[in-house]
Structure formats: structure tokens, C-alpha cells
Amino acid sequence: MYYAHSTKRADKRDWQGLAEHLQAVAKLAESFGRRLGIGEAARLAGLLHDLGKYNPAFQDYIAGRGSSVDHSTAGAAIACQRAAGGSRIVAEIVAYTIAGHHAGLPDMTGKALSTLTERLNAFAGASLDPAWESELAVNAANLLPAFQWETTDRPRCAFQLALLGRMIFSCLVDADFKDTERFYGRIEGRSFDRQWPQLEDILPGLLDRYDAHMSRFGSPAGELNMLRADVLSHVRSRAREAPGLYTLTVPTGGGKTLASLGFALDHARAHGHSRIIFAIPFTSIIDQTAAIFREVLGDEVVLEHHSSIDDEDRSPDRRAGRDKLKLAMEDWAAPLVVTTNVQLFESLFAARTSRARKLHNIANSVIILDEAQTLPRPLLLPVVWMLEALARDYGCTIVLCTATQPALDRRNFPASHPAGLPLEGKELAPDPEDLARRLKRVALRHAGPLSDAALIDELADAPQALVIVNSRKHALQLYRAAEAAGLAGIVHLTTRQYAADRRRILADVRQRLKDGAPCRLVATSLVEAGVDLDFPCGWRAEAGLDQIAQAAGRVNREGKRPVDQSIVTIFQAPDNPSPSEIKDLTGDMQRMMHRHPDLFTPAAMADFFGEVYWRVGKEGLDRGRVDGEPILQKFRLSGSGTDFSYRSAAENFCMIESGMLPVIVPGDEQAREAVRQLEIDQIPSGALARKLQTYIVQVPPKARGLLIRNGKVAFAAQGIRQDQFAVLLDGTLYDKTVGLLWEDADYLSFEQFMI
């Protein structure tokens with residue numbers, strides 16, 4: 001008798017049989033894959049993933065005798081040996097998934113440890129008991145999905161096959177986790193609430209709730225409300241069109257968030273989509289969007305998933321206290337998921353099991369990419385290829401939703417350029433050029449160089465004003481100078497503050513604006529995209545046109561003031577030069593701005609992005625390099641097989657290249673209690689990470705190292721959590737008005753020894 005999982009019983013009466021586990025995982029993986037058209041390949045992966053446990057040495061190991069044995073390579077080798085014909089290349093892809101079902105998807109070749117080639121070459125088939133063949137019915141035929149294969153474009157075909165591998169991997173690891181969880185839950189008398197309603201079953205009710213919510217606004221009165229109603233009606237009228245790629249270009253204030261939700265609900269009903277996913281660029285606005293959806297649709301259908309610290313410990317025997325929402329973050333089984341671009345795209349390019357297991361639930365979804373202009377340019381090529389593959393092969397409808405559309409229509413690129421999406425005729429909004437004209441809310445003023453002192457003089461005449469600069473250093477410097485000048489209502493907002501404090505500050509700012517109280521907000525770009533603010537005027541340090549337009553969206557947002565009095569001033573900051581990336585974008589804008597009398601029209605925005613894409617070229621759109629090569633080139637077809645570098649590509653697909661590291665600031669009792677709970681071994685790291693994520697400040701690595709060396713920061717519960725939770729010990733370094741002042745760490749360390 002061969003076993004997959006053991007318990008504490010020496011007589012093995014309640015151990016899980018190996019054939020039972022393999023057949024259960026195969027069945028579950030096949031059910032996941034069938035919806036994607038990859039059921040046979042997913043079944044094969046499930047049936048063979050633990051084949052190496054048919055090894056007497058492994059059975060000794062789980063019985064407490066001997067050392068660990070590689071049990072993943074055997075199934076990978078058998079998959080390759082048993083397939084033939086058109087199934088051969090898919091079987092090789094299945095081999096990646098089996099070999100990586102614990103440690104993550106491997107590279108086929110290269111410098112990485114434990115490449116798939118090395119493991120397959122080292123496999124000794126004699127270690128397997130032949131009994132497996134009588135217990136398992138292995139069928140390695142008919143594995144090739146009926147996709148529209150990119151047969152004439154080898155790089156795109158390689159990318160297509162690599163994504164197939166990730167989807168099979170997702171089906172496998174999710175099925176493996178769930179069957180293992182079921183087994184240990186039964187043994188330990190624990191149950192796991194993973195039951196979410198199917199979207200198609202609850203759509204009629206969700207649409208009733210949505211329509212009821214929208215009807216609360218009554219018949220539209222006034223130009224703005226009538227325009228929003230026109231946008232909503234037009235967008236929803238397009239919902240029966242075929243699944244695929246779309247754009248939704250609506251200026252700030254046009255109601256695009258609720259319009260996109262209405263489209264997603266109608267479209268899912270028309271085409272049977274499994275879920276709706278809203279991806280948002282910044283955690284600073286994800287709570288705002290999730291709260292809107294909960295108000296409209298109810299708490300019980302919305303999953304909000306973002307975390308500044310990932311839970312690496314996903315073992316089934318460490319799951320006590322995991323509630324339904326926390327479990328759903330693993331597999332995205334909820335009908336509506338609100339997440340971040342980072343979580344979505346880094347999962348789609350992931351090699352790790354914990355991130356990849358949700359991918360099969362991304363398939364057949366309506367995906368709304370809110371603030372699409374923030375898609376990272378250094379990774380734009382792999383992102384664009386991923387979006388097109390999801391729409392073409394996996395039944396997704398994807399809506400690029402923004403006021404400043406990033407001009408990704410394939411017609412904007414040279415014929416030979418690999419970027420661009422087939423977006424002709426796919427705009428959901430009614431006449432974006434006319435919307436831009438009708439929703440114009442501000443006038444631009446170009447002030448040229450403006451010192452901090454001169455800027456403060458101008459602010460003195462503006463009791464309510466927004467100032468956005470390009471760095472945290474400049475924001476703090478300007479705030480302190482304005483405070484010293486005695487300006488009333490001066491407020492500072494940057495990522496030096498943790499998210500819970502930023503939410504409090506934004507609530508206070510909104511109340512001041514509503515009450516007509518003095519409010520001069522000095523902030524970084526975190527307030528630009530999607531943050532609901534309405535200032536009478538604003539100043540923006542030079543940046544790209546998309547950022548300037550987004551900043552302008554925080555001025556006269558509701559259109560209650562005359563346009564010619566709602567001034568957004570663009571200025572140079574001579575004492576705080578722009579970072580190189582911002583300087584390049586400023587140059588792009590200067591090359592095109594003379595061609596457009598109104599810079600906030602879709603035509604001007606397309607012209608701006610055309611300048612950007614021309615300057616950086618196709619290499620600049622895929623700078624996530626691995627060993628000097630762009631990410632897309634890490635997936636190659638070699639002869640009749642593959643040469644995929646899953647692990648290397650995943651390590652380099654990083655949407656936030658700040659190199660910053662987290663410090664937890666226990667700023668209130670809720671945070672302090674979560675820090676104390678880090679010492680309780682039974683509470684999973686992920687559960688505590690999610691409690692602490694709103695108390696995190698990202699700091700430069702050198703600064704965090706200095707804070708640690710000077711005793712200002714320490715890793716909490718290091719024996720249990722390793723180096724996962726760096727906690728601020730010296731509360732004097734954090735001030736709610738300015739945030740964490742890591743620059744003072746060295747000085748304060750010296751000062752504490754002075755009498």
C-alpha cells in the first residue's frame with residue numbers, strides 16, 4: 001500500500017492512499033481545466049504530480065524513517081515519455097507543472113538551480129514501483145487545446161504555450177491544495193468555508209440591486225448628470241457585443257466606475273462569464289472602489305484582495321482561523337474581485353504556487369483595468385501580450401478604463417512593432433472627443449520655474465488648493481516651508497504615512513473642502529488617479545501629460561465653478577529637479593503640445609503616448625530583463641520542444657521597481673495587537689499580514705538597514721516569522737502629519753547617548 005499523506009497514527013489506518021489522492025486531484029484539476037478547454041492536460045498533471053511517492057524510500061520518509069525524497073520529477077518524466085504526436089509539446093509543458101508543484105515552475109535550462117532538463121536527465125525510473133501502472137489509467141493523448149494558435153509567429157506561439165503551462169499549473173496546484181486540505185480537515189475535525197455563489201446564479205439579483213441603486217439618483221437634472229446618464233446608457237447598450245478587448249474613455253467626473261460595473265454585469269449575463277475582476281493601480285484607492293461595490297451589490301459577493309506582505313506559508317496544516325475571505329484570496333472564487341494591478345499581473349506571470357493557483361479562475365472573467373494609463377511602460381509588451389492571450393484563448397473580456405487612454409490601439413504602432421491591441425471599433429463610450437469637450441473642467445497655466453518661496457506666495461492667495469510634486473522629499477520640504485510661513489489649513493500627504501493615516505487625512509480634507517475651511521494639500525502623485533477630491537485650483541510640478549490630466553481631475557471635479565477660474569498651474573521646480581523618467585515624459589509632452597489647443601482631448605493624449613512609445617521603442621517597453629534579455633525572450637520554442645524560463649521571468653516581472661522595503665508602524669491599538677499576535681505560532685502569517693497592511697510604510701533598503709542597526713526597527717517574532725515583519729520600535733520617528741522620518745535614524749541614535 002502506497003500513501004500520499006500521513007497522520008500521527010502508527011498503524012496508518014487513517015493515512016491517505018496515494019492512488020486515492022492522485023485520482024481525486026486529477027478529477028478536480030480536470031474540472032477546473034474543462035472550463036478553459038484544457039481539461040485533459042490538467043487531468044494528466046493531477047494524475048502524475050505525486051507519482052514519485054510510488055518509491056519505497058519516500059514511504060519510509062513519511063513514516064518517519066530516512067530523509068526527504070524528490071517525488072516531483074518522476075511524474076514529469078513519465079508525462080514526457082508517454083505522449084506522442086501533437087500532444088508531445090503539451091506533455092512537456094505538463095512536465096514543468098508537475099516538477100514545480102511544490103517549489104514553483106522551473107526553468108528548462110540556464111543558471112538557475114534545479115532546471116527541468118537537469119532533473120529529467122537525473123531521473124532514475126527504477127526507483128518507482130511498477131504497481132503504479134495498475135492503479136492509474138494514464139492517457140497522454142488529445143492534450144492540445146483547440147485554440148487559435150499563432151502558427152506563423154514563433155515568439156507569440158511560445159508565449160501562448162507558456163501561458164497554457166501557467167493555466168495547467170494553476171489547475172494542478174489548486175486541486176492539490178484543496179484535496180490535501182480536505183484530507184487534513186477531516187482528520188482534524190476542521191472544515192473550510194470556500195462556498196461562494198456562482199455569478200450566473202446571482203446575476204439577476206445583482207442587476208436588480210444595481211438598477212435600484214442607480215434609480216436612487218432619479219431623473220438626471222443638470223448637464224453633468226444628464227451626460228453621466230448618457231454615458232451609462234451607451235455603455236450598457238454595448239454589453240451584448242462579443243467578448244474581447246474594449247476601451248472606456250471617459251473624462252474625470254463622467255461616472256466611468258459605475259458605468260463599467262453596469263457593463264460588466266450586463267456582459268456577464270449575456271455571455272456567461274464566471275466572475276468580474278476590477279484591477280486598480282494603487283492601494284490608496286482600492287478601499288474606495290470596493291466600498292462603492294459593496295454599497296451597490298452587497299458585502300457578501302465582493303472580495304477585496306491586496307497585501308503588502310505575502311503569506312508564504314500555505315501548508316494545509318497551518319490554517320486554523322482562516323475565514324472565508326482569507327481563503328478566497330488564495331483562489332479568487334468570489335463572484336466579484338477587487339484587486340491591484342500588481343496582484344493581477346504578477347500572479348499571471350508568477351512561478352510560485354501561492355500566487356499561480358488563482359489563474360484558472362481569472363479565465364472566463366470580465367476584467368476592468370481601471371486607470372489603465374498606469375500600466376507600467378517598462379513591462380508594457382508582456383502585459384499587452386498577456387491581455388490579448390486572455391481575451392483570445394481564455395474567454396476574458398477586458399476593458400481598459402480611464403480618462404487618459406494610453407493609446408494601445410494597434411493602429412498607433414508601426415506594422416512591425418509587437419505592441420498594440422486590436423481595439424478598432426472597441427470604444428464603449430459615446431464620442432470621447434465630445435465628452436472631453438463637454439466635461440472640460442479646468443484651464444491650464446504654464447508658470448515656468450517656480451521656487452518653493454514663490455509657490456508659497458501664490459498659495460497665500462488660495463485658501464483651498466492642491467499642490468502635487470514629484471517626490472516625497474520635495475513634498476515634505478514644501479509642507480514645512482508653508483507651515484513656517486503660517487499658511488492656514490496646510491496638509492501633507494505622501495506614502496511616508498501608512499494607509500490608515502492617509503485615509504484619515506483624506507477624509508479630513510474632504511470635510512474641509514465641503515465646509516469651506518482653509519485646506520492647502522501638499523501631496524505626491526498618489527492623489528492623482530481615482531482619489532475623489534474637488535479643489536478650486538491646483539499646482540502640478542512638471543510631468544507627463546497623463547499625470548497632468550489626472551491631477552487636473554482633482555480640480556473642479558463636479559463642475560460647479562467656471563472653467564476659466566479653475567486654474568491648474570504647471571511649474572518647474574528648480575530646487576528639486578525631476579527624476580529622469582519624469583524629465584523624459586516632460587520632453588515627450590513638449591514635443592507634441594504645440595499641435596493641440598486643448599491638451600486634454602483623446603487626440604492629444606494619443607499623440608502624447610505616441611511620442612512616449614516612439615522614444616522608448618519596443619526594447620523600452622520590455623525592460624524587465626533576465627540575464628540581459630527582455631522577459632518575452634525567456635520563452636522560446638527550440639526545435640520541437642520548449643525552452644521556457646518561468647522562474648527567471650517571474651523574478652524579474654516586478655511592476656513596482658522601487659526597491660523599497662516595508663516597515664510596520666504600530667500606530668494604534670489594532671496594529672499593536674496584531675504585532676503582539678505575531679508571537680502566536682498558530683495564527684498564519686497571511687492573516688496577520690492583512691491586518692497590518694494598512695500600517696506599512698515603504699522605505700529605502702539602506703534606510704531600513706540603518707533603522708535596524710540603530711535599534712529603531714526590529715523583526716518581530718523572528719523565530720516564527722523569520723525576516724517577514726519589520727516593526728518600528730521608536731514611535732518618535734513617526735508623526736501623523738508628516739509620516740516616517742527615516743532620515744533621522746542615525747542622528748537620533750547618536751543623540752540618545754548624550755547627557
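Which residue in S13 is the bridge partner of Ile468? In this predicted model, that partner is Arg540.

View 1. Strand S13 covers residues 538-541. Gly538 and Arg540 point one way from the strand, while Trp539 and Ala541 point the other way. All of these residues are buried. S13 pairs with strand S10 (residues 464-468) in the parallel sense, over three bridges. Strand S14 (residues 567-572) also runs parallel to S13, and four bridges join them. Within that pairing, Trp539 stands opposite Thr569 of S14.

**View 2. Helix H22, enclosed by the rest of the structure.** Helix H22 spans residues 545-552. Eight of its eight residues are buried, so the helix is largely enclosed by the rest of the structure. The buried residues are Leu545, Asp546, Gln547, Ile548, Ala549, Gln550, Ala551 and Ala552.

**View 3. The largest cavity.** Rolling a probe the size of a water molecule over the atoms shows where empty space is left. In this model the count comes to nine cavities of 30 Å³ or more. The largest cavity holds about 240 Å³ of space. Its lining has 16 residues, and those nearest the centre are Pro251, Thr252, Leu439, Ala549 and Phe600. Ala549 is also one of the buried residues of H22. By type, the lining of the largest cavity divides into nine nonpolar, three polar and four charged residues.

**View 4. The second largest pocket.** The second largest pocket contains about 1,100 Å³ of space. It is lined by 35 residues, and Phe217, Arg228, Gly255, Thr257 and Leu258 are the closest to its centre. The elements that give two or more residues to this lining are H9, helix H10 (223-237), helix H11 (256-271) and helix H12 (283-297). H12 provides the largest share, six residues. The lining of this pocket divides into 12 nonpolar, 12 polar and 11 charged residues.

**View 5. Helix H9, with a kink at Gly205.** Helix H9 runs over residues 199-215 and has 17 residues. From its first C-alpha to its last it reaches 23 Å, close to the 24 Å expected at 1.5 Å a residue. The helix has a kink of about 30°, centred on Gly205. The buried residues in H9 are Leu199, Ile202, Leu203, Leu206, Leu207, Tyr210, His213 and Met214. H9 is also among the elements that give two or more residues to the lining of the second largest pocket.

**View 6. Strand S6, covered on both faces.** Strand S6 (residues 336-340) is mostly covered, with five of its five residues buried. Leu336, Val338 and Thr340 lie on one side, and Val337 and Thr339 on the other. Strand S4 (residues 275-280) runs parallel to S6, and five bridges join the two. Strand S5 (residues 302-305) pairs with S6 in the parallel sense as well, over four bridges. Val337 of S6 is the bridge partner of Ile277, and Val337 is also the bridge partner of Leu303.

**View 7. Met108 in a loop.** Met108 is placed in the loop between helix H5 (88-99) and helix H6 (116-122). This residue counts as buried because its relative accessibility is 8%, and the cut-off for buried is under 20%. Met108 and Arg119 are 11 residues apart along the chain, and their C-alpha atoms are separated by 9.5 Å.

Methods:
Residues numbered from 1 in each chain as written. Predicted model: local features only at pLDDT ≥ 70, side-chain atom pairs only at ≥ 80, totals over all residues. Heavy atoms only, no water. Expected span 1.5 Å × (residues − 1). Bend = angle between axes of the 7 residues up to and from the residue. Buried < 20%, exposed > 50% of the residue type's maximum accessible area, 1.4 Å probe, protein only. 1 Å grid on protein atoms, 1.4 Å probe; cavity = no way out; pocket = protein on both sides within 12 Å on 5 of 7 lines; lining within 4 Å. Points joined across faces, edges and corners; volume = space filled by probe spheres on them. Nonpolar A, V, L, I, M, F, W, Y, C, P; charged D, E, K, R; others polar. Pairing = 2+ DSSP bridges.
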